[in-house]
Amino acid sequence: MTQDPDLAPAGTVTHIAGVLIRWHMADGTIRARQRCAWCGAVIDDVDLSSLHVAAQPGETEPAPYPSWPGGAFVSTFGNATWVETVEDPANPPATACVRLDPDVTR
Ligand SMILES: [Zn+2]
């Protein structure tokens, strides 16, 4: 999806996906969280132990949790999240957090 700033809902923010971190919590659950590599906003936060993922036919292990690709431009609006196709990374979407004053996102 190529973002047209005129079509993006007001309130859409586009982040740069960082690394997905999986953590075994003290209560026995396994949590995964992914933040924006630039501003630190949470773009995914899930209790993996609450997911019931079955292995695909012919596989012995379920597929790993599908995180956002590192470095991808990921837009968020409410509970909706999607990857933007950006032709020129030097020209990120108008809604990108990297366009904000760096002092605001520090
Ligand atoms: Zn961001």
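**Core.** I started with the largest nonpolar core, which has 9 residues: I16, A17, C36, I43, W68, F73, V74, A96 and C97. A nonpolar core here is a set of buried Ala, Val, Leu, Ile, Met, Phe, Trp, Tyr and Cys residues joined through C-beta atoms within 7 Å. Buried stands for 20 or more other C-beta atoms within 10 Å of a residue's own, exposed for 12 or fewer, and partly exposed for anything in between, with C-beta atoms placed from the backbone. Strand 1 (13-24) and strand 4 are the elements giving two or more residues to this core. Strands are DSSP runs of E, at least two residues, and helices are runs of H or I, at least four, numbered from the N terminus.

**Caveats.** I'm looking at a predicted model, where local features need pLDDT of at least 70 and side-chain atom pairs count only at pLDDT 80 or more, while totals for chains, interfaces and linings use all residues. Numbering runs from 1 along each chain as its sequence is written.

**I16.** I listed its contacts (C-beta atoms, placed from the backbone, within 7 Å). Leaving aside neighbours within four places in sequence, I16 touches C36, A37, W38, G71, F73 and V98.

**Chain.** I counted 0 helices and 5 strands, so the pattern along the sequence reads β-β-β-β-β. Buried residues come to 17% of the 106 in the protein chain. Of the contacts with a separation of 6 or more, 49% join residues 24 or more positions apart. The C-alpha trace spans about 45 × 35 × 25 Å along its principal axes.

I found an open sheet of 5 strands in the order 3-2-1-4-5, paired antiparallel. Pairing needs at least two DSSP bridges between two strands. Strand 3 (42-47) and strand 5 (80-83) are the edges, each pairing on one side only. Neighbouring strands are turned by 35 degrees against each other on average, direction ignored; the axes are lines fitted to C-alpha atoms, and angles run from 0 to 180 degrees between N-to-C directions.

**Hairpin.** Last, I checked strand 4 (residues 73-77) against strand 5: they pair in the antiparallel sense over 4 bridges. F77 has A80 in strand 5 as its bridge partner. The two strands form a hairpin with 2 residues between them, and G78 in the turn has a positive phi of about 60 degrees.

Methods. Two residues are in contact if their C-beta atoms, placed from the backbone, lie within 7 Å.
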